[in-house]
Amino acid sequence: MSRISAASHPKLRPGCRLSESAQQGEILLIPEGILRLVGPGRKIVERCDGQRTVDDIVRELTTEFPAVEPGRIETEVTTFLDRLHQKGVIDLE
Amino acid sequence: MTVPAPLSLIAEVTHRCPLHCVYCSNPLEMQARECELPTEAWTKVFNSAAELGVLQLHLTGGEPLARPDLTALVTAGRKAELYVNLITSGIGLSEERLAGLVGVGLDHIQLSFQDAQEDAANEIAGARAHARKLALAREIKKHRLALTVNLVVHRQNLSRLEEMIAMAEELAADRLEIAHVQYYGWALRNRDALLPTRAQWERSLEVITAARERLKGSMRVDFVGPDYYARYPKACMGGWGQSVVLIDPAGRALPCHAAAVIPGLRFDNVQQRGLRWIWEQSSAFQKFRGEDWMPEPCKSCDRRTLDFGGCRCQAMLLAGDAAATDPVCTLSPMHGIVEAAVESVNGNARADWVYRIDPPSA
């Protein structure tokens, strides 16, 4: 199993996409299940396009949330993506 | 009491099926082709479901491919902004038809396998289907469509569980669902031939736990155990009328696949009543929603918010009372019924089975 690193290119796997409906809140639809996204979850998932690296995502969110300490953003993004990877929701290319 | 919005719509678009699996979850009394809802009626159902908050549409049957309008149904589901999942045996899915479904935005396919060995698989299915399924799984992956391999396991195939998991890996499934047979419908009728022995059940748990660990990150492994061996019942459907609504081929709305076995419930039809009304107010969906209906020991049990007293249909089928504690629960006063079934299987040789038949034509 590949491990996540700053240089990994996270990419949503086939069958995983963000919900278009706002009715039930922020939701990631996955094969025969859903994941409820909280906090910056949606902003992270939106960026899992196989182009951006984990580092890129952290940098973009640091710009978007200047009040939050960058180290904390890095930890949160990495932990969250690692969890998504373990659930088989993203590939790390 | 506030009623939560449902998350999933299970659309049983037909009861017709080319397979005759001995554990089919369809009711013994099936709906004939002539009663099936037309495309426009299903389209309306999908739109109402999305308005109600449903996110995922599971097209199932019978075999949904038996519907010539399946591509139109998938299109309608996506237009309603639903995540569309096709639950299929794969029989009837040509390369052209698959490409068409992918083209209109099908999100995911769940393809069932009966075994890893061709002869054994075909015997359970009562049809020569296994080789076609293998070829189809490869075609699905070529389209980069998300694939779940569904393995229904039971006494006759559990000894080949590792082989079956290896087959799913070889097919590069995105997700693997290993489900022990649940005893309703045809499966209950064939229970004595299907219920695993205790040793088999324990071994299957070890195999699955190891596979899950090994496949982390490449293939999600979901598992449904045989509740006859559980200490507490399953949280059936996430609770009655809590997150799932099922529409049968004729348009009747039910809280689950088996609810028709409960006498005295009236299942309203989406052709006569709006789906929102059915979900929020119809008597069938209210019947076992929440905790008011619960008997002891459920009523005062700490687990009532975890498993909701178990399965109402199983309580009906085993205890003869849909409002009883699910007899698989070790706290149920009727648990002896389940113990007897388990005991008889652990001392017995194979029994014969009855194949699922197709719904009658009018």
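## Partly exposed, and what that covers

A residue counts as partly exposed when its relative accessible area falls between the buried limit, under 20%, and the exposed limit, over 50%. M237(B) has a relative accessible area of 23%, so it is partly exposed. Keep in mind that we're looking at a predicted model here.

M237(B) has its place in the loop between β7 (220–224) and β8 (244–247) of chain B. Its phi is near 55°, which is a positive value in a residue other than glycine.

As background, most residues other than glycine have a negative phi, and most peptide bonds are trans. You'll find A172(B) in the loop between α6 (161–170) and β6 (175–180) of chain B. With 38% relative accessibility, A172(B) is partly exposed.

Then there are the cis peptide bonds. One joins G61(B) to G62(B), with omega at about 15°, and G62(B) belongs to the loop between β2 (56–60) and α2 of chain B. Another sits between E296(B) and P297(B), where omega is about 5°. P297(B) is part of the loop between α11 (283–286) and α12 of chain B.

## Nonpolar cores

The largest nonpolar core holds 64 residues, and the ones touching the most other members are F46(B), L59(B) and I109(B). Helix α1 (residues 39–52) of chain B supplies the largest share of this core, with seven residues. Another core lies apart from it, this one of 23 residues, with C21(B), V22(B), V152(B) and Y228(B) among them.

So what does L59(B) touch, once residues up to four places away in sequence are set aside? The list runs through A11(B), V13(B), F46(B), P64(B), L70(B), V74(B), V84(B), N85(B), L86(B) and I87(B).

## V152(B), from the 23-residue core

V152(B), one of the members of the 23-residue core, is in strand β5 (residues 146–153) of chain B. Its relative accessibility is 14%, and buried means under 20%, so V152(B) is buried. Leaving out neighbours within four places in sequence, V152(B) contacts Y23(B), F113(B), Q114(B), N157(B), A179(B) and V181(B).

Is E139(B) buried or exposed? It is buried, at a relative accessible area of 10%. E139(B) is part of helix α5 (residues 130–142) of chain B, and beyond its neighbours within four places in sequence it is in contact with E95(B), L98(B) and R132(B).

D307(B) is buried too, with a relative accessible area of 6%. D307(B) belongs to helix α12 (residues 304–307) of chain B. Skipping neighbours within four places in sequence, D307(B) contacts Y232(B), P233(B), K234(B) and A235(B).

## Helix packing in chain B

Helix α2 (residues 70–79) and helix α3 (residues 95–103) of chain B pack at about 15°, and their axes are 9 Å apart. Angles under 35 degrees count as roughly parallel, so α2(B) and α3(B) are roughly parallel to each other. Their crossing is right-handed.

On the α2(B) side, the contact involves L70(B), T71(B) and V74(B), and on the α3(B) side R97(B), G100(B) and L101(B). Sorted by class, that gives three nonpolar, two polar and one charged residues. L70(B) and V74(B) also turn up among the residues touched by L59(B).

## Helix packing in chain A

Over in chain A, helix α2 (residues 54–64) packs with helix α3 (residues 70–86) at an angle of about 135°, with the axes 9 Å apart. How are α2(A) and α3(A) oriented to each other? They are oblique, and the crossing is right-handed.

From α2(A), the contact is made by V54(A), I57(A), V58(A), L61(A) and T62(A), while α3(A) contributes P70(A), I73(A), E74(A), V77(A), T78(A) and L81(A). By class, the contact of α2(A) with α3(A) has eight nonpolar, two polar and one charged residues.

Terms used
Residues numbered from 1 in each chain as written. Chains lettered and ligands numbered in written order. Predicted model: local features only at pLDDT ≥ 70, side-chain atom pairs only at ≥ 80, totals over all residues. Heavy atoms only, no water. Core = buried A, V, L, I, M, F, W, Y, C linked by side-chain atoms within 4.5 Å. Buried < 20%, exposed > 50% of the residue type's maximum accessible area, 1.4 Å probe, protein only. Helix = DSSP H or I, 4+ residues; strand = E, 2+ residues; numbered from the N terminus. Contact = heavy atoms within 4.5 Å. Axes fitted to C-alpha atoms, helices over the stretch in contact; angles between N-to-C directions. Parallel < 35°, antiparallel > 145°, perpendicular 65-115°, else oblique. Left-handed = near helix turned anticlockwise from the far one by under 90°. Nonpolar A, V, L, I, M, F, W, Y, C, P; charged D, E, K, R; others polar.
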